Amino acid sequence: MTALIFSVSTSAGTGHLAPGATTAGAGPISLSRTSSHGPCLIRGAREIQMSEGIPTSDGYSRSTGTVRALTLMIDFSDAPGDGDALDRFREFFPQTREWFRTSSYGRLDYRPETPIPGWLRMPKSFRAYGIERGAPFDPGYRALVQDLVAAADPKVDFRAYDLVNVLVTPNAGPSALDTVLSVTFAGNPEAPTADGTPVANASFVYSRQDDGSGSYDRNGYRVLPHENGHVFGLPDLYTAEGGGAVGHWDIMSEDWGANNDFLGWHKWKLGWLDAAQVHCVATPGTTEHTLTPLARAGGSKLVVLPLDSKTGYAVELRTRAGNDETVCRPGVLIYKVDAEVDTGMGPITVYDSRRDSGGCTRAPNVHAELSDAPFTPGETFRDPRKGVEIEVAGVDLGGGGGGGSEGGYRVRVTRG
Ligand SMILES: [Zn+2]
């Protein structure tokens, strides 16, 4: 059983495809910032497909307020939908809606809608679309989107929706254990139009991410918040080598196994943090910050130290709470963000406070080595070349005294 689960972990880490196109048009993501955040708004100079830069480029779906997700269940003559299409819908909802509500502190009100509650039959066989792992948008996905728009159009006003979820009947294509086909084409103004607007942000989900560990009912939906992360402009954080860059600290890194949250950087990028919750430390000197757990609403969430116009360190407090259900060593997570590294190439790297320790979890599909990456009180991260020191100075228990999770961690940041 262990061997099976660990081999699954490999396929999970390389499972999803890089998203589709660069961006243009549509509404920008509203970002809370003040002029003091200026040096921390890092951007890549090169044109890349999807960047960690802030603010996110135009063309992606809004990620705050009410977001309406047109959700279609499709099937094919050679893969007819088995049973009730709404059962397929219920593999992902209401969990995905709840996941976003929790992660966003209520700022993203995600409304999945199914104006067509049955299976929407595509005019060609699944095989005829030539969909396989790595398939580009043209020609297969273009044909599929054109066909599903034509089939749905009599009953659907596409202008009413911010994004599209296509839940493919799970019997089409290979098992996700062998090959993950799930993919998102995001910020894609070249997509076919429907009711006069391009289907620019669409997530396609195939098969079932069921690792056989018995947790599918609880965790199998998590591929959808990952794919929707792309429609909101977030890149993949796993690389060709798997989840070793960020581990289980973001759903864009690992979306199999136990639930996990977004990094604070992503929450800032998505507009879920107030300006006062993000501290930009750009000038020499020592400052102290009390970080509250990222999973809980309120308080300071993120310290950013820009290194140049494209890169920076980010600092946040992770505990077992909210969507973070498998944190085995609470503490201060430190990572480097590079806005010039593309999706799937490692735009974020987490620093491991205990390298080669083997980690503190054996949970299936959780990258073990980085599970104990957070720095704990008394520990210091040092980058002598950049003149940066980040010390975890202590824990404020707060009123509740509940093992530190209600209070915060004091972090002392020194720049040379
Ligand atoms: Zn992905």
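**Close-up views of a predicted model**

View 1. Residues are numbered from 1 along each chain as its sequence is written. Gly 173 is buried, with 22 other C-beta atoms within 10 Å, where buried stands for 20 or more such atoms within 10 Å of the residue's own, exposed for 12 or fewer and partly exposed for values in between, with C-beta atoms placed from the backbone. Beyond its neighbours within four places in sequence, Gly 173 is in contact (C-beta atoms, placed from the backbone, within 7 Å) with Phe 126, Ile 131, Leu 181, Tyr 206 and Ser 207.

**View 2. Helix H6 and its packing partners.** Nine of the nine residues of helix H6 (residues 223–231) are buried, and these residues pack against helix H3 (95–103), E4, E5 and strand E8 (202–205). After H6 comes Gly 233, with a positive phi near 100 degrees.

**View 3. An open antiparallel sheet.** Four strands, in the order E10-E17-E16-E15, form an open sheet with antiparallel pairing, two strands being paired if DSSP finds at least two bridges between them. Strand E10 (285–291) and strand E15 (380–383) are at the edges, each with a single partner strand, so one side of each lacks a neighbour in the sheet. Strand E16 (residues 388–396) and strand E17 (residues 408–415) are joined by eight bridges, and Val 388 lies opposite Arg 415 in E17.

How values were computed: Predicted model: local features only at pLDDT ≥ 70, side-chain atom pairs only at ≥ 80, totals over all residues. Contact = placed C-beta atoms within 7 Å. Helix = DSSP H or I, 4+ residues; strand = E, 2+ residues; numbered from the N terminus.
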